Amino acid sequence: TSVTGVQTCALPICGVMAGGGGEGVSDSTLMVAEDNPQVAISPDTALDSAQYDVYLSHDWGEDCEGRPTHARVSLVAQYLRSVGLRVCFDEEPVQGNVLDRMCSAIDDAECVLVFVTQNYLEKVGGVNGPQDQCKKEFEYAERTKGADKLISVVMEPSVRKSDQWRGSVGMVLGSRLFRDLSADESHPGWQAGLAALHEEVLMVKGTDRSEEHTSELQSLTSS
C-alpha cells in the first residue's frame with residue numbers, strides 16, 4: 001500500500017483483526033511460528049539488507065487522554081519519513097496471513113519503535129490472552145531484535161514512570177530510557193520529542209554500522 005506516494009509495508013495493526021475491526025486475529029491466521037523455538041533469529045540477521053529503518057508497534061485504542069493512538073502514531077510516521085527514514089507502518093489493517101506479514105516486516109527493519117500506552121502495556125501483558133496481536137508482535141520483536149533494538153516511546157502522561165510498567169514491556173524496557181511524546185501535538189514538547197526520537201534512531205543505526213565496521217576490520221586483521 002502507499003500513502004501520499006510513499007511505499008508502506010503490509011503489516012497488521014495491534015488489536016485490529018485482518019480484514020475488519022475488533023480485537024485479536026483468528027486462530028487459523030496465527031500460525032505456530034511464534035511458539036516454535038527453532039525459528040529464533042540472530043539480532044544481527046540481514047541488517048545490511050534491511051528494507052526499513054524502523055517498524056512501528058502500537059495499539060489502535062484511545063489513550064488515557066481520549067486521543068486516538070493510531071492517528072498520533074501516524075503523525076510520527078509522517079515526521080520520520082520527512083527526515084529521510086524508511087518507516088514500516090500501514091494506515092489500514094491488511095488481508096492475508098497476518099502473522100507471517102508481521103514477522104517479515106519486523107525482520108526487514110533495523111529497529112522497532114514501541115509506542116507505550118496503558119492499553120499497550122495491558123495487551124502485551126496478556127489481558128486478552130496469548131493470541132493478542134500486540135503481545136505476539138512485541139514478544140517476536142524482542143526475541144529477534146533484542147532489547148537494544150527496541151526504542152520506547154511514551155504516548156500518554158499516565159505511563160511516564162517506566163519503573164511502574166508491568167508485564168513483558170516493563171521487564172524488557174522498564175529500566176531503559178524512553179522518548180516522550182505524551183504531550184499534545186500542538187505543544188512544543190511534541191516537536192522536541194520527535195526530534196529526540198529521530199536522533200535516537202540514528203544513534204541505534206550508527207551503533208550498528210560501527211559494530212559492522214569493527215567486525216570487518218577484525219576479519220581483515222586476522223586474515
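This is a predicted model: local features need pLDDT of at least 70, side-chain atom pairs count only at pLDDT 80 or more; totals for chains, interfaces and linings use all residues.
Residues are numbered from 1 along each chain as its sequence is written, and side-chain values use heavy atoms, with hydrogens and water left out.

**View 1. The whole chain.**
The protein chain has six helices and seven strands. Helices (H or I, at least four residues) and strands (E, at least two) are DSSP runs, numbered from the N terminus. Along the sequence the pattern reads β-β-β-α-β-α-β-α-α-β-α-β-α. Of the 223 residues in the protein chain, 46% are buried. Buried means under 20% relative accessible area, exposed over 50%, and partly exposed in between (1.4 Å probe, protein chains only). Among contacts with a separation of 6 or more, 76% join residues 24 or more positions apart. A contact means heavy atoms within 4.5 Å.

**View 2. The largest nonpolar core.**
The largest nonpolar core holds 27 residues. Such a core is a set of buried Ala, Val, Leu, Ile, Met, Phe, Trp, Tyr and Cys residues joined through side-chain atoms within 4.5 Å. Y55, V114, F138, W165, V169 and L173 touch the most other members. Two or more residues come from each of strand 3 (52–57), helix 2 (98–107), strand 5 (109–116), helix 3 (118–124), helix 4 (133–145), strand 6 (150–154) and helix 5 (167–173). Helix 2 gives the largest share, five residues. In soluble globular proteins, nonpolar side chains tend to be buried together.

**View 3. Around V114, and a second core.**
Neighbours within four places in sequence are left aside here. V114 is then in contact with S57, Y120, F138, L150, I151, S152, V153 and L173. A second, separate core has 22 residues, including A77, F89, F115 and W190.

**View 4. L150 in strand 6.**
L150 lies in strand 6. At 6% relative accessibility, L150 counts as buried. Leaving aside neighbours within four places in sequence, L150 is in contact with V112, V114, F138, A141, E142, K145 and L173. L150 and F178 are 28 residues apart in sequence, and their C-alpha atoms are 10.0 Å apart.

**View 5. The largest pocket.**
Which residues line the largest pocket? They are A147, D148, L150, I151, S152, L173, R176, L177, F178, R179, E200 and V204. About 230 Å³ of space lies in this pocket. A pocket is found on a 1 Å grid over the protein atoms alone, as an open set of points where a 1.4 Å probe fits, with protein on both sides within 12 Å along at least five of seven lines; lining residues have an atom within 4 Å of a point. Grid points are joined across faces, edges and corners, and a volume is the space filled by probe spheres set on the points. Strand 6, strand 7 (178–180) and helix 6 (188–222) each supply at least two lining residues. Strand 6 gives the most, with three. By class, the lining has seven nonpolar, one polar and four charged residues. Ala, Val, Leu, Ile, Met, Phe, Trp, Tyr, Cys and Pro count as nonpolar, Asp, Glu, Lys and Arg as charged, and the others, Gly among them, as polar.

**View 6. E200 in helix 6.**
E200 sits in helix 6. Is E200 buried or exposed? E200 is buried, because its relative accessible area is 17%. Not counting residues up to four places away in sequence, E200 touches I151 and R179.

R160 is in the loop between strand 6 and helix 5. At 43% relative accessibility, R160 counts as partly exposed. Not counting residues up to four places away in sequence, R160 touches V154, F178, D180 and S182. R160 and D180 are 20 residues apart along the chain, with C-alpha atoms separated by 7.8 Å. G126 lies in the loop between helix 3 and helix 4. G126 counts as partly exposed at 27% relative accessibility.
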